[in-house]
Amino acid sequence: MDLAYLAEWANLLIRWLHLIAGIAWIGTSFYFIGLDNQLDPPRDGNPRVKGEQWSIHGGGFYHKQKYAVAPAVLPEKLHWFKWEAYWTWISGFSLFVLIYWANASTYLVDPAVLDMPPWLAVLLSAVMLVGGWVVYDLLCRSKFGEDETKLSVAMVALLVVTAFVACHVFSGRGAFLQVGAMTGTIMVANVAMVIIPGQRKMVAAMQAGREPDPKYGRWGKQRSVHNTYLTLPVLFLMISPHYPMTWSHDWNWVILLAVALAGALVRQYFVSRQLGRNPLVLPAAATAVVVGLMFALRPAPNPALAGIEVPPIAEVHAIAAARCATCHAARPTFEGIAAAPKGVMLETPQQIRRWAASMRQQIETEAMPPGNLTELTTEERTKLLAWIAAGAPAQ
Ligand code: HEC
């Protein structure tokens, strides 16, 4: 078994794990934010209880109580939530390394954006991954960060700068994943470096017979709220590789920010609903942003295609053989590609016609060939598009 084939399996299994862990983590996070927002005043008179909720799920009744700081006595058994977050990061980072770092020349570098050796791209990616967390964490801990409004403005500014830099350093696709990975890292680091250590200190204080310091609860809650706003944007960034119309554009960093904004608005709406409000302006604004993007990014009629003679299939076949079929073949010859990517084979005229519609999007947005590794020329690109626009004729 060769390495590229094993890498395909590693990709599948780690991605599977990443989804499972991510669902467990974000599901729990949504649940607890929702619970917190929907607590009723306690009825049984325990002065330490801040709020409670009754619910029914899976055929059973549940009664949950939240303590203002902590119960009088530490319960014997305490359930912690951390491995969901940790495994999401471990699997996500592994995937990022396996795909984006191991194939940096395909996925991370685009010479049309910035021509740099793959090792430099990986180094920059790693520095930004760590740097993003360090800057964010310092901001939150600083005097400046004590004012929630100022902190929010600073965080938005940080996201804008990050998106701008990433999109001017990496390939569009790589940039979106880089920003997603950085944001995801911040979210997990919030759990690992702030929320869990704070909870440990609270438990330790109780074990020592002291009242826990409420500041740890406040800090944890602050980071947990930040995570809420980041969740939807991160999920978009993680699925964005499938949608080249979002990242292949010259203004891709603005598109990234616009979608992130729409995601944050939707999340804000859900939180408001949980608090009993119904600010319809939030989903309306999110919809306006998305519809605006759809309109702004609509494929324009390609002026380069006007007056171009539709090439015969034999010529299309020859171009695909030279520029695409090194990877898109039953037995790819391109180093590091084990099987036809996404099952797309472009070896015979029949196969090329079958995939014509998906080819158009990939060629038009210059998503394919990745990083133009096989040096498809502008003339060839136009020819392929003219052939597809003419309805991919068989002659
Ligand atoms: C260096 C290898 C390589 C070359 C050359 C290449 N591709 Fe791809 N192609 C890939 C990879 C890898 C993917 C899967 C991308 C992903 O993971 O989303 C892909 C995916 C695709 C897809 C499916 C996209 C989707 O998400 O459904 C199409 C269509 C496609 N390529 C067309 C082409 C065409 C047309 C050419 C030639 C002009 C070409 N490719 C050249 C590696 C290559």
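**Ligand shell and helix packing**

User: How far is an oxygen atom of the ligand from the side chain of Arg173?
Analyst: The separation between an N or O atom in the Arg173 side chain and a ligand oxygen atom is 3.1 Å. A polar contact here is a pair of N or O atoms within 3.5 Å; within protein, one must be able to donate a hydrogen and the other to accept it, and residues adjacent in sequence count only if both atoms are side-chain atoms.

User: Before going on, what is the source of these values?
Analyst: This is a predicted model, in which local features need pLDDT of at least 70 and side-chain atom pairs count only at pLDDT 80 or more, while totals for chains, interfaces and linings use all residues. Residues are numbered from 1 along each chain as its sequence is written, and side-chain values use heavy atoms, with hydrogens and water left out.

User: What about His328 and Lys342?
Analyst: His328 places a polar side-chain atom 2.7 Å from a ligand nitrogen atom. For Lys342, a side-chain N or O atom is 2.9 Å from an oxygen atom of the ligand.

User: Which residues come nearest to the ligand?
Analyst: Cys324, Cys327, His328, Lys342 and Met368 come nearest, out of 20 residues around the ligand. A residue is counted as near if one of its heavy atoms lies within 4 Å.

User: And the make-up of that shell, by class?
Analyst: The shell has 12 nonpolar, five polar and three charged residues. Ala, Val, Leu, Ile, Met, Phe, Trp, Tyr, Cys and Pro count as nonpolar, Asp, Glu, Lys and Arg as charged, and the others, Gly among them, as polar.

User: Which helix gives the largest share of the shell?
Analyst: Helix H13 (residues 356-364) does, with three residues. Helices (H or I, at least four residues) and strands (E, at least two) are DSSP runs numbered from the N terminus.

User: Changing topic: how do H2 and H6 pack?
Analyst: Helix H2 (residues 83-101) and helix H6 (residues 172-207) have axes 10 Å apart, at an angle of about 155°. Axes are lines fitted to C-alpha atoms, for helices over the stretch in contact, and angles run from 0 to 180 degrees between N-to-C directions. H2 and H6 are therefore roughly antiparallel; angles under 35 degrees count as roughly parallel, over 145 as roughly antiparallel, 65 to 115 as roughly perpendicular and the rest as oblique.

User: Left-handed or right-handed crossing?
Analyst: H2 and H6 cross in the left-handed sense. A crossing is left-handed if the near helix is turned anticlockwise from the far one by less than a right angle, and right-handed if clockwise.

User: Which residues of H2 meet H6?
Analyst: Ala85, Tyr86, Trp89, Phe96 and Tyr100 do, and their partners in H6 include Arg173 and Leu177. Contact means heavy atoms within 4.5 Å.

User: And how do H6 and H7 pack?
Analyst: Their axes are 9 Å apart at about 160°, with H7 covering residues 214-239. H6 and H7 are therefore also roughly antiparallel, and their crossing is left-handed.
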